[in-house]
Each structure stands twice: as C-alpha cells, then as structure tokens.
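Subject: Structure for you to look at

Hello,

Here is the structure I promised you. Please open it first, then read my notes beside it.

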Amino acid sequence: MSESMKPDHPHSPHDCSGIRSTDQLSDGFSHGLKPLKSLDVQQTSTVDDLLREMSRTAFGGRNMGEAADVMYEMFTDPKCKVIMTLSGAMTMAKMSLLVVEMIEQGLVDAIISTGALMSHGLVESAGMSHFKYEHGMNDTELFQAGYCRVYDTLELEKNLDDLGLITKEVLASFEADQPVGSSTICRQFGKYLLENYPGRGILPAAYTNNIPIYIPAFTDSEMGLDVAMYNVVAREKGTKALRFDPFVDMFHYTDLASNAERIGIFTIGGGVPRNWAQQVGPFIDYLQRHETGQAYKPCRFRYGVRICPEPVHWGGLSGCTYSEGISWGKFIPPAEGGRFAEVLSDATIAWPILLRGVLERMGRVKST
C-alpha cells in the first residue's frame, strides 16, 4: 500500500477531519487498486475461464477465483511438496475420485485424513455401495434395518462387517513385533485392494504412487475399531497383538516436511488432520529451542488453500484462519512470500470446480 493510502496520512481518503476538495478524491487507479469486472458467462468457454473471471468479482466468487490462482502456483512449483488434509464425509459424498485424480496427477505428496473418511473409501474401493437417504426416513428404523446415516447418505452395517474381514486379512500380513503406524496400515490396505479389487480408489492409488496416508486420530474410525478387535482376539487366543505406534507417523511426516525446500497445504474441512499437518513447524521449532532434533530443518507452509464452510466466529478449530496460523509459526507471512486462499463453501461444490479449472490451466484435462 502506498504511503498516501495509510489511514494516518493527511491526504488519506479515511481522513474525516474536514470537507475534502475535489482534487483530493482518488480514482482508484492512481493507488494501484485493481478494478473489478462484471461476470459474463457467455464469454467463458472453460471452467478455467470462469474461475479467472470470478477472481475479478467479489465475495465467495472472488475467493474461488483467487483459490484457483494459488492452487495453480502451488501445484506447478517444482520445489514444493503439497500436503492434502481431508475431513468430513468426502468418500461417502462420492468425492473419492477427486483425491485419486490429484494423486495420479502428482499434485500431492502426502495425505492426512480422518479414519472415517478412509474407512468409507475402503468400502467403496472394495466394490460395496453407499445409498441415498430419502427425506422422512426414521433413524430408529434405519438402525434396526442396519443402515447408518451420514447426513443424506447411508452406509450399510453389512459393509462395515465385511470391512472387518478385509482388515483381518491385511493385519495378518504384519510381523507380530513390527511397530506400525496408520501410514503402514494404509499402505498395506492399498496393496491388498490393488491385488484383489480392480478399479480406481484412494488407497490403491496412494500405494501405486508411494504417497503416505496418515490418520492421526486412527482409533476414531471403523478401521481403528477393527484393529482393536484384532488385538482383543489375539490376546484371548494368546497370540501377539499388533503393535500400533502413532509416533511412527509423526516422525515419518516430520522427515518428509523438513526435507522439502517448500511446502504447501490443500485442506478440505479442518479438524485433527488439518491441525496435525500444520503442527510440524512448531514441533521442529520446539525441538530446536530445547537443543534437540537438530537434524530437522525448520519449515513453514508457503502456500495454502482451504475449502471449509466454517467461519471464524463459530470459535472452532476448523474456522481458524491462515493468518492465525502465522502467529504459531505454521505459515510464511504474505509479506515474505506466503500465498493463501480460503473458500467458505461446501467442498462438494467448490472442490470439483476448482480442480477441473486448475487441471485445465495446467493442460492436464483428458480428452473424452
């Protein structure tokens, strides 16, 4: 901002101490302000065109357009490793192939997710179906019939039982004394699905492309409960239980982030995955202030794009802004080159549009 635009400048348009003369009124251009432009959908032939034009409008539309700009810069920066964090029922909402596309296009280098999201995705990858909830259905009757409701979608209890059988097979492949984290388990699930169930899915795509998937709150999921069941049965039989160690994930992820020249974050929703991903900077800083962990290079996110409907004033974690994260040492400030965009929207609306538009901009849309 130029000096003449600062509030304490005597010729500032914010100075209300007296009547302004005509020659004191600014035209916008003289201060380098960017003019806006009415959106003409007839002049846009692609989703990328539409997003570029939206960036010159206002409100949520401008946020979408600016998010596309940041995504493009982040995805095309050859020295940037991109961390994707996922929360919400995105796999039950049939957003799985967006994640798969981003993996296959090489747009992400690691995924941090809720366990529920990956569990429902595993159900889908194993050929089982989710169903539409019809308005007026009775939740008590749904429970009795074995249907579990997530908003407007139904998961079958039978699906989850069948998932338990798959989990048992996957876990049996581990050595009894081998300490494993959620990323170890997810990788083995990906291998199993690739060998037994043809088709595109998050876990097999991550396995094929060597993308780690971390689930920080692993026990808060069907997968976690199945591992617990496996260990209960093992103890009852007198056999060795699986050694689950969450710090396997923590240090593996810290190595990945610390070794990157630059890091970016693409976030759907918020919650534990987002916060766990972002704490890597403060964690390394904490280690170094206590004269340990010198092998880790300090890191802060240079890029960030968040799609989440929660505003700041609700007071929850998912509404906290990137600017707040700067105060924790998680992000590089814009004055030092940080680029961030936040879209307050349902991800099932904003995410497909943004991804399609950015892929067009990158010249990566497959011909049909």
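Helix α7 covers residues 182-196, which makes 15 residues. From its first C-alpha to its last it reaches 21 Å. That is close to the 21 Å expected at 1.5 Å a residue. The expected span is 1.5 Å times one less than the number of residues in the helix. Helices here are DSSP runs of H or I with at least four residues, strands are runs of E with at least two, and both are numbered from the N terminus.

A word on the source: this is a predicted model, where local features need pLDDT of at least 70 and side-chain atom pairs count only at pLDDT 80 or more, while totals for chains, interfaces and linings use all residues. Residues are numbered from 1 along each chain as its sequence is written, and side-chain values use heavy atoms, with hydrogens and water left out.

Back to α7. Its buried residues are Ser 182, Ser 183, Ile 185, Cys 186, Phe 189, Gly 190, Tyr 192 and Leu 193. Buried means under 20% relative accessible area, exposed means over 50%, and partly exposed lies in between (1.4 Å probe, protein chains only).

Thr 167 touches Phe 189 and Asp 226, leaving aside residues up to four places away in sequence. Contact means heavy atoms within 4.5 Å. Thr 167 sits in helix α6 (residues 157-171). Thr 167 is buried, at 1% relative accessible area.

Now find helix α12, residues 280-289. Its buried residues are Val 280, Gly 281, Phe 283, Ile 284 and Leu 287. They span an arc of only 165 degrees around the axis, so they lie on the same side of α12. The arc is taken from the directions that run from the helix axis to the C-beta atoms. What do these buried residues pack against? Their partners are α10 (247-258), α11 (271-278) and β10 (301-307). Just after α12, Glu 291 has a positive phi of about 55 degrees.

Most residues other than glycine have a negative phi. Lys 94 has a positive one, near 65 degrees. Lys 94 is in the loop between β1 (80-86) and α3 (96-104). Lys 94 counts as partly exposed, at 39% relative accessibility. Tyr 151 is not a glycine, yet its phi is positive, about 55 degrees. Look for Tyr 151 in the loop between β4 (147-150) and β5 (153-156). Is Tyr 151 buried or exposed? Tyr 151 is exposed, with a relative accessible area of 68%.

Next, Val 358. This residue lies in helix α14 (residues 347-361). Val 358 is buried, with a relative accessible area of 1%. Val 358 touches Ala 68, Met 71, Tyr 72 and Phe 75, not counting residues up to four places away in sequence. Val 358 and Asp 48 are 310 residues apart in sequence, but 6.4 Å apart in space, C-alpha to C-alpha.

Finally, the whole chain. The protein chain has 14 helices and eleven strands. Of its 368 residues, 45% count as buried. Among contacts with a separation of 6 or more, 71% join residues 24 or more positions apart. The C-alpha atoms fill a box of roughly 90 × 60 × 45 Å along the principal axes.

Best wishes
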